[in-house]
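Dear colleague,

I am pleased to pass the following structure on to you. Please look through it before reading the notes below.

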Amino acid sequence: MNRLVPSMFSNLCARLALAFVALFLVLGVAFLVLTNWSNNRYYQEVTQNLNQSLAMYIVQRAPLIQRGIVNKTAMTELATLVMTVNPIVEVYLLDPSGKVLTHTLPPDTPIRPEISIQPLQHWLNKTQPFPILGDNPRANQGERVFSVWPVMDNENLAGYLYVILGGQNVQSLSDSLRGSYILKQSLSGLAVILLFAIISALLIFAVLTSPLRKLAQQMNDFQQQELNLHPSSTLEPVAGTRDEIVYLSSAFAAMRTRIREQMEKLQETDRLRRELISNVSHDLRTPLSSMQGYLEMLTRPSITQEERQTYMDIAFKHCRRLTQLVKELFELSKLDAGRITPQLENFSLAELLQDVAQKYSLAAQQKNITLSTPQTNQLYMVNADIALIERVFENLIDNALRYTPENGSVELSLTHQSSSVEIAIQDTGIGLEDEDIPHIFERYYCAQKPTEYHQQSTGLGLAIVKRILELHGSVIRVESKRRQGTLFKFPLPLARTNKLQSEQAA
Ligand SMILES: Nc1ncnc2c1ncn2[C@@H]1O[C@H](COP(=O)(O)OP(=O)(O)OP(=O)(O)O)[C@@H](O)[C@H]1O
Ligand SMILES: [Mg+2]
């Protein structure tokens, strides 16, 4: 299934809409809280403003304290009058420090003995805007709006008449919602607006993110094609992600890595190409100029028949070397360019080894080298490209004979392993120094530099062997001791049917 099909909360559009809705919800709740708070404050301000003069009127009606004694009768009469008109009003008589002297509530009502005088002074001196909240003597906590007026006794301040306006606390949002029709209406309105906002946000974000989605889709298609073209590609999409931005950034990172890899590959190829051209021109120049020299000598009329024969032999030798060099270079360049794909087939390694050894028996005889092949009736069937493996044997046997002095021996052997046949070529030749071993598979590398061996060397044989075996998924190993001999070993996969049989037997 297409991995970019939008799914709830996973693609960019849905995430944006979700964030938008969450923001809207927070704003909506904040708006409701603020509305409730300002409603409460407004109610308190209006109440306090409207009843501003209430305490003053009561005080002016009758003297409430005379010669330090509270006139309870006058107080009760006035308070009853006021509470008849407005039952939610409570009237208290305080001394100048805020102690409650008397009140008009039922006698068993619990009353706070003293209240803070500070809000009363703010009220009287008008040092704070309305609403000013004062202590509610009836409850231990809680504040109310009030009206206050000083009570005088012979020109002296004898106390305050303190009138609590409105009998209820500031309401919480949930209480207000339960009690207020207007707030309930606002909440329903908010819900409708929220729904509208969600739908429009989804639509707007879908339109806005559609180019991004298309780009991500194109990137996805491109990656799929790329992966089909190069199964070993490192261009991996992020599994399971549907957020276009995450997807694009990971795809971009993968592409950047791939481009960098390809750039490095290109640079390496370019370097190898330049190196190859300079090596090839150097290698071709030596035999060519030498050949040219001997051919010039041949044109001289004064040379003897014997000299003519020698010059011709040398010219032929250079010509053969040149042909060999060009052939090997061509072969290696084809292998490097990936233009050779092994044609795998089942064949007998034992038979192939016999054939190749046969070709080299004369060369072995000339140096009195014993060239031994496995003496067995077994076929050692493998699955490989017979022509390429023949080339591997030729190069390895050629090396073994070339780098083994007279009277030595070269032994070819085959061993069955669980899923392969291991081939070993062991000689008793000049061997290799430890520091040469890691380099012998590099092209043009010759361990025995200016010796007689170098005359016939191009240094390409083992590079070709290594590439051919790589194409077969095999790795060649080498063990060598100076002046004791060298051993080359590599495995080849068992023939298909053999493999099946051995698996079935297991
Ligand atoms: N059996 C061996 N014993 C000792 N040295 C070896 C043996 N095989 C390879 N070498 C060393 O490894 C080097 C690289 O071998 P390679 O076959 O690539 O090139 P070459 O034999 O020099 O030339 P050619 O391309 O003609 O085969 C040789 O020059 C030689 O120094
Ligand atoms: Mg060689």
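The notes below set out what was found, beginning with the conventions.

This is a predicted model, in which local features need pLDDT of at least 70 and side-chain atom pairs count only at pLDDT 80 or more, while totals for chains, interfaces and linings use all residues. Residues are numbered from 1 along each chain as its sequence is written, chains are lettered from A and ligands numbered from 1 in the order in which they are written, and side-chain values use heavy atoms, with hydrogens and water left out.

The chain as a whole

The secondary structure comes to 12 helices and 14 strands; these are DSSP runs numbered from the N terminus, helices being H or I with at least four residues and strands E with at least two. Of the 506 residues in the chain, 38% are buried, that is, under 20% relative accessible area with a 1.4 Å probe, protein chains only.

An open sheet is formed by 5 strands in the order 9-11-12-14-13, with mixed pairing; two strands pair if DSSP finds at least two bridges between them. Strand 9 (370-372) and strand 13 (477-481) stand at the edges with a single partner strand each, so one side of each has no neighbour in the sheet. From one strand to the next, the twist averages 15 degrees (axes are lines fitted to C-alpha atoms, for helices over the stretch in contact, and angles run from 0 to 180 degrees between N-to-C directions). Strand 11 (residues 409-416) pairs with strand 12 (residues 420-427) in the antiparallel sense over 7 bridges. The bridge partner of T415 in strand 12 is E422.

Helix 9

Helix 9 (residues 349-366) lies across strands 9, 11, 12 and 14, running at about 180 degrees to strand 11. At Y360, helix 9 bends by about 45 degrees, the bend being the angle between axes fitted to the seven residues ending there and the seven starting there. The buried residues of helix 9 include L352, L353, V356 and Y360. After the helix comes N368, whose phi is positive, near 55 degrees.

T486

T486 is found in strand 14 and is buried, with a relative accessible area of 6%. Leaving aside neighbours within four places in sequence, T486 is in contact (heavy atoms within 4.5 Å) with residues including I425, L432 and V478.

Yours sincerely

Methods
Buried < 20%, exposed > 50% of the residue type's maximum accessible area, 1.4 Å probe, protein only.
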